[in-house]
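Good morning, and thank you for coming.

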Amino acid sequence: MLVDAHDDNEALAVAVAVDHVYRGSHLVVTLRDMARAPLFGYVDAAIRCVQWHAPRMITEELTSPGISDVYAELMTHGGANTYSVALPDTLGRVPVDRCRTLLNQRHQATLLAARSADGLLVNPSVRTVLPAGAVLYYIAERRLDAGKLTDGLRGAPAAEDASAALRR
């Protein structure tokens, strides 16, 4: 359920009433001042508060409960963050699957998207091959050293390539 009231005080009053009538329902409340979000924990700790001018976030929170916490964590200093790194031209074309495997297995990072002259690919297919100079966008605890990433892509084969080689 969505509470989108005239102001934050009204939103709190409506949230109390809705929680009383529909106890345990997934309740998303839009707020003008996110500093007031902790007040809703007194009503029900499961109430999710979202900035009122972010309709996409509101929709996502309604359909995927808790996703606003993921976005909030990514926007908070410390912990996981989002970064980008350009693939050097010297690598040539690189399969997305290889980038994804290297980021995940060696650096505990998650590939989000890639950008090339053809545009932005969010969650690119494993069959996509990136041109030289493409930019990778990823989530990690810290920014990755571009040199180590390049060495990893140039050097050791991806995990599935290595396991296939062992089976031969």
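Which residues of the largest nonpolar core touch the most other members? In this predicted model, they are Leu87, Leu103, Leu130, Leu136, Tyr138 and Leu153, out of 20 residues in that core. At least two core residues come from each of strand 4, helix 5, strand 6, strand 9 and helix 6. Helix 5 gives the largest share, with four residues. As general background, nonpolar side chains in soluble globular proteins tend to be buried together.

Please look at Leu130 in particular.

Four strands make up an open sheet, arranged in the order 4-9-6-7 with antiparallel pairing. At its edges are strand 4, residues 81-86, and strand 7, residues 119-122, each of which pairs on one side only. From one strand to the next, the twist averages 20°. Strand 6, residues 110-116, is joined to strand 9, residues 135-140, by five bridges in the antiparallel sense. Within this sheet, Arg115 has Val135 of strand 9 as its bridge partner.

Strand 7 contains Gly119. Is Gly119 buried, partly exposed or exposed? Its relative accessibility is 26%, so Gly119 counts as partly exposed. Between Gly119 and Leu27 there are 37 Å in space, C-alpha to C-alpha, and the two are 92 residues apart in sequence.

Finally, the charged pairs. The model has five salt bridges. In one of them, Asp69 and Arg48 meet at 2.6 Å, N to O. Asp69 belongs to helix 4 and Arg48 to strand 3, so this pair ties together parts that are 21 residues apart in sequence. Asp69 is partly exposed at 41% relative accessibility, and Arg48 is partly exposed at 24%. Together with Glu61, Arg48 and Asp69 are linked in a network of salt bridges.

A further salt bridge joins Glu60 and Arg56, at 3.0 Å from N to O. Both residues lie in helix 3, four residues apart, or about one turn of the helix. Here Glu60 is buried, at 18% relative accessible area, whereas Arg56 is exposed, at 65% relative accessibility.

Key
Residues are numbered from 1 along each chain as its sequence is written. This is a predicted model: local features need pLDDT of at least 70, side-chain atom pairs count only at pLDDT 80 or more; totals for chains, interfaces and linings use all residues. Side-chain values use heavy atoms; hydrogens and water are left out. Two strands pair if DSSP finds at least two bridges between them. Axes are lines fitted to C-alpha atoms, for helices over the stretch in contact, and angles run from 0 to 180 degrees between N-to-C directions. Buried means under 20% relative accessible area, exposed over 50%, partly exposed in between (1.4 Å probe, protein chains only). A nonpolar core is a set of buried Ala, Val, Leu, Ile, Met, Phe, Trp, Tyr and Cys residues joined through side-chain atoms within 4.5 Å. A salt bridge is a side-chain nitrogen of Lys or Arg within 4 Å of a carboxyl oxygen of Asp or Glu.
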